[in-house]
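Reader: I would like to learn how to read a model like this one, feature by feature. Could you take me through it?

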Amino acid sequence: MGFVTVHWAIEDQTNASQCKAYGASAVELILIDTKNNQVTRQVVPCERFDTSVQVAADDYVGTITLVDENGKPVSEPLPVGPFEVSATEQATRRVSFPAAEGQRGNEGQRGNEGQRGNEGQRGTHRPHDRQRR
C-alpha cells in the first residue's frame with residue numbers, strides 16, 4: 001500500500017471564495033489502478049484544497065472534478081496522472097482549475113490579453129512530477 005496526495009487550486013489560488021464562485025462545495029477524486037481497473041473515489045470539501053488517499057502500490061490515472069452540494073459537476077474534470085504509487089514514497093499531484101465563468105467577467109478584460117493561452121495546460125503535470133519505473 002502507498003499514498004497519493006492531490007493538491008488542487010482554482011486559478012492557482014487556494015481561497016474558499018474561489019470554490020463559492022464555482023458553486024462548488026466539494027471535489028470528486030477518481031483514481032483508477034491501470035493494472036486491474038480498480039476505482040477509488042473520494043469526495044472532500046472544496047476548501048480543503050488537498051486530500052491523501054491510501055491505495056495499492058501501482059500505476060494510476062484519474063480525474064478531479066468540482067461538484068456542488070448534490071454531487072453534480074460544476075467544472076470539467078481535470079486529469080490526475082498518469083502516476084505511480086510506491087509502498088515507500090508518497091506520490092503527489094497538483095492540479096489547478098481555471099477561473100469560474102463569473103470570475104472571468106469580473107476581472108475586466110485584462111484576463112484575455114494572451115494569459116488564457118495556457119489554460120489547457122493547468123491540469124497537466126510536468127515530467128519532474130513523480131513518474132518513475
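Author: Let us begin with burial: a residue is buried under 20% relative accessible area, exposed over 50%, and partly exposed in between (1.4 Å probe, protein chains only). Of this chain's 133 residues, 43% count as buried. Before we go on, please note that this is a predicted model, where local features need pLDDT of at least 70, side-chain atom pairs count only at pLDDT 80 or more, and totals for chains, interfaces and linings use all residues. Residues are numbered from 1 along each chain as its sequence is written, and side-chain values use heavy atoms, with hydrogens and water left out.

Reader: What does the chain average in pLDDT, and where is confidence lowest?

Author: pLDDT is the predictor's confidence in each residue, from 0 to 100. The chain averages 82, and 76% of the residues score at least 70. Confidence is lowest in helix α2 (residues 101-106), with a mean of 56, and highest in strand β2 (residues 26-33), at 98. Over residues 105-133 the pLDDT is below 50, although this stretch has 41 contacts in the model beyond near neighbours in sequence; a contact means heavy atoms within 4.5 Å. Where pLDDT is low, the predicted coordinates should not be read in detail.

Reader: How many helices and strands does the chain have?

Author: Helices (H or I, at least four residues) and strands (E, at least two) are DSSP runs, numbered from the N terminus. Here there are 2 helices and 8 strands, and along the sequence they follow the pattern β-α-β-β-β-β-β-β-β-α. As for contacts between residues at least 6 apart in sequence, 67% of them join residues at least 24 apart.

Reader: In what order do the 3 strands of the open sheet come?

Author: The pairing rule is that DSSP finds at least two bridges between two strands. The order is β4-β1-β8, and the pairing is mixed. The edge strands, each pairing on one side only, are β4 (50-55) and β8 (91-97). Strand β1 (residues 2-10) runs parallel to β8, joined by 7 bridges, while β1 and β4 pair in the antiparallel sense over 6 bridges. To find these pairings on the screen, look for A9 opposite S96 in β8, and for F3 with its bridge partner Q54 in β4.

Reader: Which residues of β4 make up its covered face?

Author: In a regular strand the side chains alternate between the two faces of the sheet. For β4, the covered face has T51, V53 and V55, and the uncovered one has D50, S52 and Q54.

Reader: Which residues form a disulfide?

Author: The criterion is a pair of cysteine sulfur atoms within 2.5 Å, and by this rule the count comes to 1 disulfide. C19 and C46 form it, with their sulfur atoms 2.0 Å apart. The torsion about their S-S bond is about -80 degrees, so the disulfide is left-handed. C19 lies in helix α1 (residues 16-22) and C46 in the loop between β3 (39-45) and β4, so the pair ties together parts that are 27 residues apart in sequence. Both C19 and C46 are buried.

Reader: Let us turn to backbone geometry. Where is the residue D12, which has a positive phi?

Author: D12 lies in the loop between β1 and α1. Its phi is about 60 degrees although D12 is not a glycine, and D12 counts as exposed at 58% relative accessibility. N37, in the loop between β2 and β3, also has a positive phi, near 60 degrees, and is a residue other than glycine. N37 is exposed, with a relative accessible area of 58%.

Reader: And which residues does a cis peptide bond join?

Author: That bond joins G81 and P82, with omega at about 15 degrees. You can find P82 in the loop between β6 (78-79) and β7 (83-85).
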